[in-house]
Amino acid sequence: MEQPVVSGTAHDPEGERFAFVGISNVPTDWARVLAALAGSGLTLSMLPGDGAAAPAAGPPPAATVTRMTPPSVLDLHAYLLTAIGKAARRRLTDRLTARGLRLWHLTVMALLHDLGPQMKTALATRLDMNASDLVKIVNDLDRAGHVECVRDTVDRRRVVVALTDEGRTALAELSADIASTDDEVLAPLSPAERAQLGSLLRRVHRHLEPAPPGTAHIPPHGPLLRTDEDRETAPEECCGPADV
């Protein structure tokens with residue numbers, strides 16, 4: 001008489017009725033469990049359609065098993081952040097995949113937008129990425145026309161990665177698409193609550209990942225013109241093994 005899930009109704013001696021659900025991840029004799037409950041002064045009956053008072057042997061119908069979060073973990077903020085982050089990441093990944101992109105593509109484009117052209121070694125360091133993985137991401141973006149490699153306007157011996165006009169347009173469109181994902185995830189919150197949540201999350205983020213002091217970068221909207229000489233001397237692959 002093993003069954004992992006059983007449900008029904010009960011009422012106490014005063015007649016107060018309530019529903020009950022029994023769940024077990026080990027072999028359980030539910031007939032004995034219910035008999036013990038019946039001996040405690042409760043009057044038990046199965047829910048309509050469940051049949052006899054004692055549950056039948058065999059696996060439960062699929063409809064009786066539902067997903068649930070243990071209520072006790074809802075008091076753990078780290079758990080909540082993990083669970084919400086997982087759901088948000090899944091939705092964000094779907095939006096990126098529809099455009100042939102991944103999260104790293106978005107991150108690299110956003111950093112180039114915020115800080116301007118960067119050397120590849122700087123990109124990998126700032127994003128805490130493996131250098132070879134960064135090469136693949138930049139080459140993907142280069143083939144898509146979202147970034148290009150240009151001579152550094154300060155030190156023309158160096159080649160930096162820069163966001164193209166097409167890349168800025170794509171990033172703006174992607175950001176608008178992601179904003180709709182925010183609306184889905186934060187639907188229960190008012191605009192004021194969303195603003196407050198964002199402020200609190202940014203404060204926690206700064207605590208866990210403080211910005212490096214004295215960050216130097218090229219202004220994001222500076223001229224990035226490529227001359228014929230630049231095109232002749234620039235490497236064919238946007239992200240080769242060397243940065244200098």
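Trainee: Is arginine 99 buried, partly exposed or exposed?
Mentor: Arginine 99 is partly exposed, because its relative accessible area is 38%. Keep in mind that this is a predicted model.

Trainee: Which residue does arginine 99 form a salt bridge with?
Mentor: Aspartate 177. The closest N and O atoms are 3.7 Å apart. This pair links distant parts of the chain. Arginine 99 sits in the loop between α2 and α3, aspartate 177 in helix α6, and 78 residues separate them.

Trainee: What about arginine 95 and aspartate 177, how do they meet?
Mentor: Their side chains form a salt bridge, at 2.8 Å from N to O. Arginine 95 is in helix α2 and aspartate 177 is in helix α6, so the pair ties together parts 82 residues apart in sequence.

Trainee: Where are the partners in the bridge between arginine 194 and aspartate 183?
Mentor: Arginine 194 is in helix α7, residues 191-208. Aspartate 183 is in helix α6. They are 11 residues apart. The salt bridge is 2.8 Å, N to O. Arginine 194 has a relative accessible area of 25%, so it is partly exposed. Aspartate 183 counts as partly exposed too, at 42%.

Trainee: Which residues get joined into one network?
Mentor: Arg91, Arg95, Arg99, Glu173, Asp177 and Glu184. They are joined by salt bridges that share partners. The structure holds 10 salt bridges.

Trainee: New topic. How many helices and strands are there?
Mentor: Eight helices and five strands. Along the sequence the pattern reads β-β-α-β-α-α-α-α-β-β-α-α-α.

Trainee: And the inside? How many residues are in the largest nonpolar core?
Mentor: There are 26. Among those with the most contacts inside it are Val108, Leu112, Leu123 and Val161. Helix α3 gives the largest share, six residues. Other elements that give two or more include α5 (131-143), β4 (147-151) and β5 (159-163).

Trainee: What does leucine 112 touch?
Mentor: Skip its neighbours within four places in sequence. Leucine 112 is then in contact with Pro117, Gln118, Leu123, Val147, Val161, Ala162 and Leu163.

Trainee: Histidine 146, is that buried or exposed?
Mentor: Buried, because its relative accessibility is 14% and the cut-off is under 20%. Histidine 146 lies in the loop between α5 and β4. Its contacts beyond four places in sequence include Met109, Leu141, Thr164 and Ala170.

Trainee: What's up with the phi of aspartate 128?
Mentor: It is near 55°, a positive value in a residue other than glycine. Most residues other than glycine have a negative phi. Aspartate 128 is in the loop between α4 and α5. At 71% relative accessibility, aspartate 128 counts as exposed.

Trainee: Which residues form the nonpolar patch on the surface?
Mentor: Leu74, Leu76 and Tyr79, with about 270 Å² of accessible area together. Tyrosine 79 is in helix α2, residues 77-98. Tyrosine 79 is partly exposed, at 34%.

Trainee: Last one. What is the mean pLDDT?
Mentor: The mean is 75, and 59% of the residues reach 70 or more. Over residues 47-57 the pLDDT stays under 50. Residues 215-237 are below 50 as well.

Conventions: Residues are numbered from 1 along each chain as its sequence is written. This is a predicted model: local features need pLDDT of at least 70, side-chain atom pairs count only at pLDDT 80 or more; totals for chains, interfaces and linings use all residues. Side-chain values use heavy atoms; hydrogens and water are left out. Patches are made of residues with over 30% relative accessible area and no salt bridge: like charges are joined within 9 Å, nonpolar side chains (Val, Leu, Ile, Met, Phe, Trp, Tyr) within 5 Å. Accessible areas come from the Shrake-Rupley method with a 1.4 Å probe; for residues, only the protein chains shown count as cover. A salt bridge is a side-chain nitrogen of Lys or Arg within 4 Å of a carboxyl oxygen of Asp or Glu. Helices (H or I, at least four residues) and strands (E, at least two) are DSSP runs, numbered from the N terminus. Buried means under 20% relative accessible area, exposed over 50%, partly exposed in between (1.4 Å probe, protein chains only). A nonpolar core is a set of buried Ala, Val, Leu, Ile, Met, Phe, Trp, Tyr and Cys residues joined through side-chain atoms within 4.5 Å. Contact means heavy atoms within 4.5 Å. pLDDT is the predictor's confidence in each residue, from 0 to 100.
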